[in-house]
Amino acid sequence: MNKLPAKLEKEQFLEKDEFKWLLENNTPELRADLSNRAKRVAGEIFGNGVYVRGLIEFSNYCKNDCYYCGIRCGNEQAHRYRLSEQEILDCCAIGYDLGFRTFVLQGGEDPDFSDEMMIKLIGKIRSDYDDCAITLSLGERPRAVYEAFFTAGANRYLLRHETASAEHYRKLHPRELRLENRKECLTHLKEIGFQVGTGFMVGSPHQTVENLVADLLFTKELNPQMIGIGPFIPHQHTPYKDAKAGTLEETLLLISILRLMLPKALIPATTALGTIDPNGREAGILAGANVVMPNLSPVSVRKDYSLYDNKICTGDEAAECRVCLSNRMKGIGYEILTHRGDYPKD
Ligand code: SAM
Ligand code: FES
């Protein structure tokens with residue numbers, strides 16, 4: 001039996017070469033060993049509970065041109081939309097009635113949805129739902145703006161670093177987007193007091209094993225409360241339309257490794273994982289994830305928030321993602337919990 005999974009569980013860390021070895025020897029046996037340990041570690045902290053977050057994708061306008069992303073500004077074929085404040089509040093009301101106690105506001109970096117509008121919206125949600133967590137996923141902003149979001153009542157912020165290797169970052173993004181800025185934003189968010197999420201795509205174009213090891217080391221060093229990873233999936237109207245998608249197997253291996261490195265982290269089984277495999281989200285939970293994020297956006301706009309091709313939960317059948325996911329979790333012996341699901345206290 002390979003000794004690295006036991007060492008990782010005990011020490012919550014490995015040498016670079018050891019991480020590399022795990023990634024290069026991703027056999028079903030190794031995955032089973034890591035996922036059994038990761039599931040046990042998650043179970044000791046979260047039991048068989050899965051936290052749920054209501055995802056509101058409120059705008060697909062974006063000023064950035066990330067080469068992998070379907071809503072990048074350079075995609076002239078994207079059908080753009082922006083929800084009004086009232087439409088977003090209606091999503092929250094529906095979500096609250098369905099039992100959601102975390103709302104995740106995610107969007108492209110939409111210059112017409114100003115910081116002032118966002119601050120007002122956060123304040124409104126905070127005053128209407130004082131028992132809910134507000135999570136933002138709005139990309140890079142100046143520190144003062146993050147502070148204003150926090151003061152208005154936001155609690156958590158998701159900002160994937162995407163890749164911790166500067167050279168790889170440059171292959172995925174245009175020149176004006178810099179890894180250093182991304183990292184600085186993450187530092188600011190932590191200092192301000194947000195529960196912070198970072199993460200990366202698995203199998204993104206040009207990614208090497210060394211890049212993934214760097215992602216693991218960066219994540220450990222940042223020590224975030226949330227970690228979002230999912231497979232890269234090509235989008236037909238991007239420069240990387242012909243690139244290969246990331247695999248289920250590699251994503252599951254990394255979820256298990258991350259759970260063993262950061263036992264208390266909130267780790268979602270992402271929609272992208274459910275897109276590359278019909279049972280991807282269940283497999284993610286069984287590999288050590290403990291969060292699901294059903295879509296609360298109006299069904300009429302869901303297909304337009306198209307980050308990658310064939311995204312699930314965009315058709316009429318997906319109006320009730322919450323019930324669907326609840327049944328899926330029951331099917332593997334887990335139960336969706338309807339409280340805020342904050343990062344566990346020491
Ligand atoms: N604008 C915010 C930001 O940049 O953090 C939030 C929206 S952004 C679309 C959310 C995440 O989608 C990104 O962090 C990226 O990892 C993921 N994403 C974008 N394109 C993707 C693709 N083709 N495949 C898988 N994930 C993708
Ligand atoms: Fe959206 Fe199942 S989770 S349709």
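**View 1. The open three-stranded sheet of the predicted model has the strand order S8-S1-S9.** Pairing in this sheet is parallel; two strands count as paired if DSSP finds at least two bridges between them. Strand S8 (291–292) and strand S9 (335–337) are the edge strands, each pairing on one side only. Strand S1 (residues 49–52) pairs with S8 in the parallel sense over 2 bridges, and Val52 has Val292 in S8 as its bridge partner. Helices (H or I, at least four residues) and strands (E, at least two) are DSSP runs, numbered from the N terminus. Helix H14 (residues 321–331) lies across S1, S8 and S9 and runs at about 130 degrees to S9. Axes are lines fitted to C-alpha atoms, for helices over the stretch in contact, and angles run from 0 to 180 degrees between N-to-C directions. This is a predicted model, in which local features need pLDDT of at least 70 and side-chain atom pairs count only at pLDDT 80 or more, while totals for chains, interfaces and linings use all residues. Residues are numbered from 1 along each chain as its sequence is written, with chains lettered from A and ligands numbered from 1 in the order in which they are written.

**View 2. An open sheet of 6 strands is ordered S2-S3-S4-S5-S6-S7, with parallel pairing.** At its edges are strand S2 (54–59) and strand S7 (226–231), each of which pairs on one side only. From one strand to the next, the twist averages 20 degrees. S2 and strand S3 (residues 102–107) run parallel and are joined by 5 bridges; Gly54 stands opposite Phe103 in S3. Helix H10 (residues 248–261) packs on the sheet, where H10 touches strand S6 (195–202) and S7, and its direction makes about 165 degrees with that of S7.

**View 3. Helix H3 (residues 28–46) packs against H10 at an angle of about 45 degrees, with the axes 8 Å apart.** This angle makes H3 oblique to H10; angles under 35 degrees count as roughly parallel, over 145 as roughly antiparallel, 65 to 115 as roughly perpendicular and the rest as oblique. The crossing of H3 and H10 is left-handed, the term for a near helix turned anticlockwise from the far one by less than a right angle, with right-handed used if clockwise. Residues of H3 in the contact include Leu34, Ala38 and Val41, and those of H10 include Leu252, Ser256 and Leu260; contact requires C-beta atoms, placed from the backbone, to lie within 7 Å. The residues of the contact of H3 with H10 divide into 8 nonpolar, 2 polar and 4 charged. Ala, Val, Leu, Ile, Met, Phe, Trp, Tyr, Cys and Pro count as nonpolar, Asp, Glu, Lys and Arg as charged, and the others, Gly among them, as polar.

**View 4. Helix H2 (residues 16–24) and helix H9 (residues 209–222) cross at roughly 125 degrees, their axes coming within 9 Å.** H2 is therefore oblique to H9. Their crossing is right-handed. Lys16, Phe19, Lys20, Leu23 and Glu24 of H2 meet Val209, Leu212, Val213 and Leu216 of H9. Among the residues of this contact, 6 are nonpolar, none polar and 3 charged.

**View 5. The surroundings of ligand 1 comprise 19 residues.** The closest are Cys69, Gly139, Arg160, Leu307 and Tyr308; a residue is near a molecule if its C-beta atom, placed from the backbone, lies within 6 Å of it. The shell has 10 nonpolar, 6 polar and 3 charged residues.

How values were computed:
Two residues are in contact if their C-beta atoms, placed from the backbone, lie within 7 Å.
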